Amino acid sequence: MSSTVITNIATLVTNDPSLGDSSPLGLIQDAAVVIDGDRVVWTGESSKAPATDNRVDAGGRAVLPGFVDSHSHLVFAGDRTQEFNARMSGRAYSAGGIRTTVAATRAASDGELEANLTRYLDEALRQGTTTFETKSGYGLTVADESRALRIAAAHTDEVTYLGAHIVAPDFADDPAGYVSLVTGEMLDACAPHARWIDVFCEKGAFDGDQARAILTAGRAKGLHPRIHANQLSYGPGVQLAVELDAASADHCTHLTDADVDALANSGTVATLLPGAEFSTRAQWPDARRLLDAGATVALSTDCNPGSSFTSSVPFCIALAVRDMGMTPDEAVWSATAGGAAALRRDDVGRLVPGARADLTLLDAPSHVHLAYRPGVPLVAGVWRRGVRVVGPAPESALKAP
């Protein structure tokens, strides 16, 4: 292993106020960061950087933690272009939905599913995402759910069992039987490959009692709860998330005052997914209301083929600033440290001594440009675990004098 200093950074986002200014982003101007192996070992002003084996000149650009995408659905096959086109054209479209993806995923080989997964992971990495969570949920049989999780687990530690995405088509007339499968044989097969368990608690999917049974069964198997909550309507999802100490309640579009208070006084993160509202023309979540109440907010892509087919965290940051009442600073924090909180991680989402060396270099002097210049490919470099994986090859780093 060798040490590297990235110097001449115009603005460094540390997400630690004690290291920089007093803001939550802990900004340092004219900064440097030192990497040793796969860890950050020092941050501060460029003029005070210690000697290292290698030096990279940031050229007056901004550096921030790699994005933490804490909600995605990347193990799938097929395409739902026609559904999206119909929705955006104002036509009713009923032939498909999640069941279309379920059929295509069941028919796909393991190799096809993994190739699709790695394609979107590479796409996300080029846009600055260094940590991601992904779910099953498009197989809905014991064999298909367990293979989805096994494939995902080869690429991330943040794997979520979502057998309770919808009631499987095979059980359309027996939802109670499907809940028994999800909490029984399917859970037994899937638990060894997952860290988390999730459920879509919504009208047309699973009600509060069913969701509680599913999450409680998962917790008994060592899986920690997260939940799709209050996306399409008011419901019990957020209150259930807080009751069960879920790491996150995701979507959070339709919230009562009691829901907001519950989130603000709990360890459950409100994960907002603006790509879904963009792609469905639905009501935007009110991030301002949550933040003003003191809730912890994360931003994530919800990348999936039906309702949010984007892998771009920068795009979601721009949407959150434009349409959800967030400031640029709040959106960047939520896409980094907020995502880490939603995964209950303290080793990512921050650039502090001891944290994982996951960094994103922007072709801009400030993180504000992520919202200021929406749609522009601003990511000029990415380091993951101390290795530069996007941008010029590591050999191009200058040897320090």
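**Salt bridges**

I started with Asp110, which is partly exposed at a relative accessible area of 32%. My scale calls a residue buried under 20% relative accessible area, exposed over 50% and partly exposed in between, with a 1.4 Å probe and protein chains only. The model is predicted, so I took local features only at pLDDT of at least 70 and side-chain atom pairs only at pLDDT 80 or more, while totals for chains, interfaces and linings use all residues. I number residues from 1 along each chain as its sequence is written, and side-chain values use heavy atoms, with hydrogens and water left out.

I counted salt bridges next (a side-chain nitrogen of Lys or Arg within 4 Å of a carboxyl oxygen of Asp or Glu). The structure has 23 of them.

Asp110 pairs with Arg147, and their closest N and O atoms are 2.8 Å apart. Asp110 belongs to helix 3 (residues 110-126) and Arg147 to helix 4 (residues 142-153), so this bridge ties together parts 37 residues apart in sequence. For the elements I used DSSP runs, numbered from the N terminus: helices are H or I with at least four residues, strands are E with at least two. Arg147 is buried, at 10% relative accessibility.

I then looked up Glu158 and Arg345, whose side chains form a salt bridge at 2.7 Å, N to O. Glu158 is in strand 7 (residues 158-164) and Arg345 in the loop between helix 14 (337-342) and strand 14 (359-362), so the bridge ties together parts 187 residues apart in sequence. Glu158 and Arg345 are both buried.

Arg289 and Asp257 also meet in a salt bridge, at 2.7 Å from N to O. Arg289 sits in helix 11 (residues 287-293) and Asp257 in helix 9 (residues 257-264), 32 residues apart. Arg289 is partly exposed at 29%; Asp257 is exposed at 57%.

**Rings**

I searched for aromatic pairs: rings of Phe, Tyr and Trp (its six-membered ring) with centres within 6.5 Å, stacked if the planes are under 30 degrees apart, edge-to-face if over 60 and tilted for the rest. The whole structure gave 7 pairs. Phe76, Tyr120, Tyr138 and Phe309 are linked into a cluster by ring pairs.

**Backbone angles**

Which phi does Asn15 have? Its phi is near 60°, a positive value in a residue other than glycine. Asn15 lies in the loop between strand 1 (3-12) and strand 2 (28-36), and is buried at 7% relative accessibility.
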